[in-house]
Amino acid sequence: MRKLFLGVSALLFLDTLLQLYFAGFGVFGEHVVGGDESFTPHSINGQFVLRGLALLAILFAALAKAGRSTIWLTVGIFLMTYVQLIVFILGGILSGGSREHPNLPGAWMVSVHAVTGLLIIFMTYWLFRRARRLVRTGSARRAGKRQSVSTSA
Ligand code: HEM
């Protein structure tokens, strides 16, 4: 089960890098593909593949007994994929702008999406390192940080 958790967390991390690549295509492909189509790979990957892998990571972290903080990390990653949507919704509400009628304040606000996206990439890398440590050492957390279950039990 630990190896499956490692596999899923590796796929999740790699998919966030793919998501960033698709964001690049969204920007540089805009004048080639036209309209909003250039962001379709980014949108579909973000809504379905990234969220699906994040859900699987929660399941396998629990089944692999990766520990409470690691399970909470997987939940955090899953919720952050919705933060990516909430940034757009809030940006629209607060600025009165929209995709059809964009405005400058809205553009400044929704640009937070790129930074929260980077945070997701860091969180998935952090999860991958914990999953790898779980397979190698039997604990997802570094030696100094391990919960002293034995002393408190
Ligand atoms: C410069 C970088 C980025 C840009 C310009 C960007 C832009 C966008 C745009 C325009 C959409 C809406 C697509 C649509 O519905 O047509 C979107 C959706 C999304 N992006 Fe990004 N993005 C960036 C980076 C990231 C990163 C790094 C992640 C996560 C690793 C991410 C995760 C998401 C998710 C999950 C959605 C789907 C939101 C939803 O509709 O539920 N984005 N992004």
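Read along the sequence, the protein follows the pattern α-α-α-α-α-α-α. That comes to seven helices and zero strands; both are DSSP runs numbered from the N terminus, with helices (H or I) of at least four residues and strands (E) of at least two. The model is predicted, so local features need pLDDT of at least 70, side-chain atom pairs count only at pLDDT 80 or more, and totals for chains, interfaces and linings use all residues. Residues are numbered from 1 along each chain as its sequence is written, and side-chain values use heavy atoms, with hydrogens and water left out.

**Overall build**
- The C-alpha trace spans about 60 × 30 × 20 Å along its principal axes.
- Of the 153 residues of the protein, 35% count as buried (under 20% relative accessible area, with a 1.4 Å probe and protein chains only).
- Among contacts (heavy atoms within 4.5 Å) with a separation of 6 or more, 67% join residues 24 or more positions apart.

**Ligand site**
- The ligand sits in the largest pocket.
- A pocket is an open set of points on a 1 Å grid over the protein atoms alone, where a 1.4 Å probe fits, with protein on both sides within 12 Å along at least five of seven lines.
- To sit there, a molecule needs more than half of its atoms within 2 Å of the pocket's grid points.
- The ligand is surrounded by 20 residues, each with a heavy atom within 4 Å of it.
- The closest are Q19, H42, R51, Q84 and H113.
- Helices α1 (2-28), α3 (40-63), α4 (68-95) and α6 (112-137) each supply at least two residues of this shell.
- Helix α3 gives the largest share, six residues.
- By class, the shell has eight nonpolar, 10 polar and two charged residues.
- Nonpolar covers Ala, Val, Leu, Ile, Met, Phe, Trp, Tyr, Cys and Pro; charged covers Asp, Glu, Lys and Arg; the others, Gly among them, are polar.

**Polar atoms at the ligand**
- A polar side-chain atom of H42 lies 2.7 Å from a ligand nitrogen atom.
- For H113, a side-chain N or O atom is 2.8 Å from a nitrogen atom of the ligand.
- S43 places a polar side-chain atom 3.3 Å from a ligand oxygen atom.

**N45 in helix α3**
- N45 is found in helix α3.
- N45 counts as buried because its relative accessibility is 5%.
- Its side chain makes polar contacts with the side chains of Q19 (2.8 Å) and D15 (3.3 Å).
- A polar contact is a pair of N or O atoms within 3.5 Å; within protein, one must be able to donate a hydrogen and the other to accept it, and residues adjacent in sequence count only if both atoms are side-chain atoms.
- Leaving aside neighbours within four places in sequence, N45 is in contact with D15, L18, Q19, F22 and L50.

Methods. 1 Å grid on protein atoms, 1.4 Å probe; cavity = no way out; pocket = protein on both sides within 12 Å on 5 of 7 lines; lining within 4 Å. Buried < 20%, exposed > 50% of the residue type's maximum accessible area, 1.4 Å probe, protein only.
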